[in-house]
Amino acid sequence: MSNHTINNRGRLAGKRAVVTGAAQGFGYGLAAEMLKEGAAVVLADLNLPQAERAASELGARAAALPVDVTNAESVETMVRGAAERLGGIDIFVSNAGVLKAGGLDEMTAKDFEFVTRVNYEGYFLCVKYVSEVMKAQYAADNTRWADIVQINSKSGLAGSKANFAYAGGKFGGVGLTQSFALELAPYQIKVNSICPGNFYDGPLWSDPDRGLFVQYLRAGKVPGAETVEDVRRFYLSKSPIHRGCTPADVAKALFYCVEQTFETGQAIPVTGGQVMLS
């Protein structure tokens with residue numbers, strides 16, 4: 001990706017960004033919104049062929065790289081490759097995540113470890129390696145600002161019945177964000193989390209075999225629910241705005257994180273009022 005593909009118009013004009021877990025779903029939607037606002041974006045994903053197809057759909061300022069966020073060597077290689085391809089990294093969006101629902105009786109130690117490695121340890125590994133690039137950029141030009149944004153969850157703000165593996169990792173992610181923010185502030189690297197509500201139209205929720213609607217129905221998380229549609233109606237009723245969260249909603253919070261220079265270490269809710277801070 002050469003410099004002539006950089007767009008000089010939009011809220012992210014000229015910014016160089018990486019989004020993990022961007023081959024589909026929320027990550028893809030965020031990458032698309034960032035591209036609309038002028039950024040050049042590397043879509044990093046475990047599924048490289050799907051990421052390459054997604055990047056091709058999004059146009060010349062999008063590219064794809066493989067990454068396994070649970071593997072340090074893979075993350076380091078991806079970060080170096082993205083920095084070389086883009087000429088630097090201004091925004092890193094740690095979006096890759098997994099979820100396996102289940103109560104104490106159903107959750108195995110193996111599944112708990114898998115969810116925690118991706119959602120918690122994966123975030124640490126991404127920040128470890130991308131911060132090295134951002135620190136070097138600051139050393140070369142101390143007028144630069146950079147942003148690390150973790151896509152967290154409303155489950156990082158309030159506990160989630162029969163979903164403790166996911167919620168626990170997301171709560172831990174907020175702690176990482178606050179701690180990283182304190183450590184990286186001297187290098188003008190802001191670190192924030194965004195805590196979205198439920199993206200019902202994406203594969204995480206709507207996949208007919210593995211989506212959360214199906215998982216929650218099987219786990220009995222919604223009392224009295226007999227069908228997937230019962231589960232959907234239950235969750236839609238929990239937000240006073242009565243709809244799901246979208247990538248465009250979260251992108252607005254992401255743009256705020258990048259544009260402002262006086263906030264770091266925050267967990268920003270975008271939940272439609274389903275979770276309200278006290």
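The model is predicted.

Helix packing comes first. Two packed helices are described by the angle between their axes and the distance between the axes. Helix α4 (residues 109–140) and helix α5 (residues 164–184) have axes 8 Å apart and pack at an angle of about 15°. Because angles under 35 degrees count as roughly parallel, α4 is roughly parallel to α5. The crossing of α4 past α5 is right-handed. On the α4 side, the contact is made by Phe-112, Val-115, Asn-119, Tyr-120, Tyr-123, Phe-124, Val-127, Ser-131 and Lys-135. On the α5 side, the contributing residues are Phe-164, Ala-165, Tyr-166, Gly-169, Gly-172, Gly-173, Leu-176, Thr-177, Phe-180 and Leu-184. Sorted by class, this contact of α4 with α5 comprises 12 nonpolar, 6 polar and 1 charged residues.

Helix α1 (residues 25–36) takes part in a contact with helix α9 (residues 247–259), where the two axes come within 9 Å and cross at roughly 55°. That angle makes α1 oblique to α9, and their crossing is right-handed. From α1, the residues in the contact are Phe-26, Gly-29, Leu-30, Glu-33 and Met-34. From α9 they are Pro-247, Ala-248, Val-250, Ala-251, Leu-254 and Phe-255. The classes here are 9 nonpolar, 1 polar and 1 charged.

Helix α1 also packs with helix α2 (residues 48–58), at an angle of about 30° and with the axes 11 Å apart. With the limit for this class set at under 35 degrees, α1 and α2 are therefore roughly parallel to each other. Their crossing is right-handed. Here Tyr-28, Ala-31, Ala-32 and Leu-35 of α1 meet Ala-54, Glu-57 and Leu-58 of α2. The contact of α1 with α2 holds 6 nonpolar residues, no polar ones and 1 charged residue.

The empty spaces come next. Rolling a probe the size of a water molecule over the atoms shows where empty space is left. The count comes to 3 cavities of 30 Å³ or more. The largest cavity has a volume of about 70 Å³. Its lining consists of Thr-20, Val-69, Ser-94, Ala-96, Val-118, Asn-119, Gly-122, Tyr-123, Cys-126, Gln-150, Ile-151 and Lys-170. Helix α4 gives the most to this lining, with 5 residues, and both α4 and β5 (146–151) supply at least two residues each. By class, the lining of the largest cavity has 6 nonpolar, 5 polar and 1 charged residues. Asn-119 and Tyr-123, which line this cavity, also belong to the contact of α4 with α5.

The second largest cavity has a volume of about 50 Å³. Around this cavity lie Gly-197, Asn-198, Tyr-200, Tyr-235, Leu-236, Ser-239, Arg-243, Gly-244, Cys-245, Thr-271 and Gln-274. Its lining divides into 4 nonpolar, 6 polar and 1 charged residues.

Technical notes: Residues numbered from 1 in each chain as written. Predicted model: local features only at pLDDT ≥ 70, side-chain atom pairs only at ≥ 80, totals over all residues. Heavy atoms only, no water. Axes fitted to C-alpha atoms, helices over the stretch in contact; angles between N-to-C directions. Helix = DSSP H or I, 4+ residues; strand = E, 2+ residues; numbered from the N terminus. Parallel < 35°, antiparallel > 145°, perpendicular 65-115°, else oblique. Left-handed = near helix turned anticlockwise from the far one by under 90°. Contact = heavy atoms within 4.5 Å. Nonpolar A, V, L, I, M, F, W, Y, C, P; charged D, E, K, R; others polar. 1 Å grid on protein atoms, 1.4 Å probe; cavity = no way out; pocket = protein on both sides within 12 Å on 5 of 7 lines; lining within 4 Å. Points joined across faces, edges and corners; volume = space filled by probe spheres on them.
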